[in-house]
Amino acid sequence: ACPRYRKNKDNYHVNPLAHSAAPTASASPLSLLRAVWRYRFLLRQLVQRDIASRYRGSLAGLIWSLLLPCVMLAVYMFVFGYVFTPVRRVGQETVNAAFALSLFAGMLLHGLVGECLSRAPAAVLAQPSYVKKVVFPIELLPLAVVGTAMVQFLIGSAVLLLALLFTQGLPATAWLWPLAWLPLLALAAGISFMLAALTVYLRDLAQLTGFVATLLLFLSPVFYSLDSAPPGWQQWLLLNPLTVPIEVTRSLLIKGTGIPLALWGWHAAGCAAALWAGWWIFQRTRKGFADVI
């Protein structure tokens with residue numbers, strides 16, 4: 001072989017033990033931002049592949065992601081807008097179409113976190129071929145789970161906003177709604193990093209995440225308002241990461257009031273801390289993924 005070929009061959013030679021010999025990856029928040037920006041096109045391809053594989057072989061295809069939220073919203077509107085209309089109340093809020101829309105919004109927010117809880121544990125375990133490739137940025141695997149959940153959430157959000165527009169109109173505060181779920185998106189990414197990394201070493205975590213998702217649903221004000229809970233329990237319910245986004249969503253989209261800035265600020269800070277903690281755990285444990293898998 002010519003020297004040029006030998007040089008290129010040496011340059012592209014991959015050491016199978018490079019994972020063990022590699023230095024500890026940076027766990028700073030800036031390193032996460034740089035990774036997302038650097039591999040943004042690859043991340044988009046992973047999300048597109050994940051969504052396409054979910055509906056592969058079905059006749060409706062991607063239409064299911066739009067059809068299912070519409071059906072669920074129609075069921076909520078029928079049950080809570082007509083069946084339970086008479087004198088039933090939840091706290092101070094009459095159960096009607098507004099409550100059905102509030103319930104649908106809460107289910108969307110829970111679905112964003114719930115899908116990450118259920119799918120993140122297998123994000124790294126299910127892709128051993130990617131993990132053992134030194135040149136592949138494995139931090140994209142948990143982020144792809146978050147990206148897929150985000151796409152489903154945005155489709156459901158479009159259905160929610162259209163329903164609000166045609167039933168009661170969009171309040172002036174509706175444009176602030178992204179502030180309600182953007183911190184929750186950071187939390188979902190932190191949870192995904194944490195679960196994807198720890199499940200490689202503790203496989204039992206995958207058995208608990210479904211139960212935790214159900215627990216979060218009933219301990220968050222999806223089916224009720226925070227004010228309707230006993231006063232002694234309201235502070236405990238605020239520890240649920242879904243409580244503040246749901247209450248802020250109800251304020252912005254249903255009631256048309258502003259954001260409780262102090263409460264939202266603490267929630268956003270906690271979500272940012274969870275994102276950094278999950279990223280730190282992922283970066284500190286990723287060196288052993290190839291050996292364990």
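Predicted model: local features only at pLDDT ≥ 70, side-chain atom pairs only at ≥ 80, totals over all residues.
Local features needed pLDDT of at least 70 and side-chain atom pairs pLDDT 80 or more, whereas totals for chains, interfaces and linings use all residues. Residues are numbered from 1 along each chain as its sequence is written, and side-chain values use heavy atoms, with hydrogens and water left out.

Searching the whole structure turned up one cavity of 30 Å³ or more. Here a cavity is a set of points, on a 1 Å grid over the protein atoms alone, where a 1.4 Å probe fits but cannot get out, and lining residues have an atom within 4 Å of a point. The largest cavity holds about 40 Å³ of space, a volume being the space filled by probe spheres set on the points. Its lining is made up of Ser102, Ala105, Gly106, Leu109, Ile246, Thr249, Arg250, Leu253 and Ile254. By type, the lining splits into five nonpolar residues, three polar and one charged.

Arg250, one of the lining residues, also takes part in a salt bridge with Glu247 (2.7 Å, N to O). A salt bridge means a side-chain nitrogen of Lys or Arg within 4 Å of a carboxyl oxygen of Asp or Glu. Because Glu247 and Arg250 sit three residues apart in H13, about one helical turn separates them. Both are buried, that is, under 20% relative accessible area, with exposed set at over 50% and partly exposed in between (1.4 Å probe, protein chains only).

In total, the structure has five salt bridges. Another pairs Arg119 with Asp50, again at 2.7 Å, N to O. This one ties together distant parts of the chain, Arg119 being in H6 and Asp50 in H4 (residues 40-54), 69 residues apart. Arg119 counts as partly exposed because its relative accessibility is 27%; Asp50, at 15%, counts as buried. Arg286 and Glu139 form a salt bridge too, their closest N and O atoms 3.1 Å apart, and both residues are buried.

On the surface, Ile63, Trp64, Leu67, Leu68, Val71 and Val75 make a nonpolar patch with about 510 Å² of accessible area together. Patch residues have over 30% relative accessible area and no salt bridge, and nonpolar side chains are joined within 5 Å. Leu67, in helix H5 (residues 63-83), is partly exposed at 37% relative accessibility.

Note on methods:
1 Å grid on protein atoms, 1.4 Å probe; cavity = no way out; pocket = protein on both sides within 12 Å on 5 of 7 lines; lining within 4 Å. Nonpolar A, V, L, I, M, F, W, Y, C, P; charged D, E, K, R; others polar. Patch = residues over 30% accessible without salt bridge, like charges linked within 9 Å, V, L, I, M, F, W, Y side chains within 5 Å. Areas by Shrake-Rupley, 256 points an atom, 1.4 Å probe, with all protein chains shown as cover. Helix = DSSP H or I, 4+ residues; strand = E, 2+ residues; numbered from the N terminus.
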